[in-house]
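Trainee: I would like to learn how to read strands, helices and confidence in a model. Please take one feature at a time.

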Amino acid sequence: MSASTITNPDPSPGSLAFIPLEANPELMTTLLHKLGLSEALQVHDVYSITEPELLAFVPRPALALLLVFPVSATYESARLAEDAGTPEYEGKGEGEPIVWYKQTIRNACGLMGLLHAVSNGPARGFVEPNTPLSRLIAAAIPLPPPERSALLEKTPELATAHHEAASQGATAAPGAQDDVDLHYVCFVKTEADGTLWELDGRRKGPIARGQLAPDEDVLSDKALLWGPLKFLERGGGDMRFSCVALAGALD
């Protein structure tokens, strides 16, 4: 991998590009259900990660947490420092502890976050059989990351469902080729050993952040400390942070 790719891991300007996805729980839920996630799960707003009374609005356990954050100079410095000595992830097959997707589609980080959320942990058990999601995950697992990324680019159901959702946001969507400085990262807990994983297609691979107890989920104090609160510490006064969680449906 070249030094320029490490410094700027974003897809090149000529890459396949999607309209950025708004952090809108209703649109995200519709997108996931259309692709094949059971209606027993939905995406919920997380109004605060520091106030227990607001966290209480999210059904527990939360199966995945998606954080939207500004890609600041401070964040990029921390990413470069952490990734510097890390080899490119090459995991594949049923034996890998996590399913991770390298992002090669411009402005598709919201979709990547949702795919990480439903491809891992207990949420994968809620993917209905014989659906675009179930076929995609089954096809992706045996592939190394480059081929996995190519699979996402060549799955028309993903592009169609994403375009429909991104076009219906409450705010005017940026263009597919626009430079967007907000990014999604997903946190999930694997069932086998309770590891909290940070999953981001801009990184060199999945990052294990620590072990959670059986009764702790991605919104537990420990998970929030190891995950989103670290991002807020590096925010530098930029408050463009928001969170959504994948959890049981309220309806």
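Mentor: Helices (H or I, at least four residues) and strands (E, at least two) are DSSP runs, numbered from the N terminus. This is a predicted model, in which local features need pLDDT of at least 70, side-chain atom pairs count only at pLDDT 80 or more, and totals for chains, interfaces and linings use all residues. Residues are numbered from 1 along each chain as its sequence is written, and side-chain values use heavy atoms, with hydrogens and water left out. As a case, Gln42 is found in strand E1.

Trainee: Is Gln42 buried or exposed?

Mentor: Buried means under 20% relative accessible area, exposed over 50%, partly exposed in between (1.4 Å probe, protein chains only). Gln42 has 17% relative accessibility, so it counts as buried.

Trainee: What does Gln42 touch?

Mentor: Contact means heavy atoms within 4.5 Å. Not counting residues up to four places away in sequence, Gln42 touches several residues, among them Thr29, Ala247 and Leu250. A polar contact is a pair of N or O atoms within 3.5 Å; within protein, one must be able to donate a hydrogen and the other to accept it, and residues adjacent in sequence count only if both atoms are side-chain atoms. A polar atom of the Gln42 side chain lies 3.2 Å from the backbone nitrogen of Leu250.

Trainee: Which strands pair with E6?

Mentor: Two strands pair if DSSP finds at least two bridges between them. Strand E1 (residues 41–46) runs antiparallel to E6 over 6 bridges, with Leu41 opposite Gly248. Strand E2 (residues 64–70) is also antiparallel to E6, over 5 bridges, and there Ala64 stands opposite Leu246. In E6 (residues 242–248), 5 of the 7 residues are buried, so the strand is largely enclosed by the rest of the structure.

Trainee: Where do the buried residues of helix H7 lie?

Mentor: An α-helix has 3.6 residues a turn, so residues three or four places apart point the same way. In H7 (residues 145–153), the buried residues are Pro145, Arg148, Ser149 and Leu152. Seen down the axis, they fall within an arc of 100° (taken from the directions from the helix axis to the C-beta atoms), so they line one face of H7. Their packing partners are helices H5, H6 and H8.

Trainee: Where is confidence lowest?

Mentor: pLDDT is the predictor's confidence in each residue, from 0 to 100. The protein chain averages 88, with the lowest mean, 51, in helix H1 (residues 3–7). Over residues 172–179, pLDDT stays under 50.
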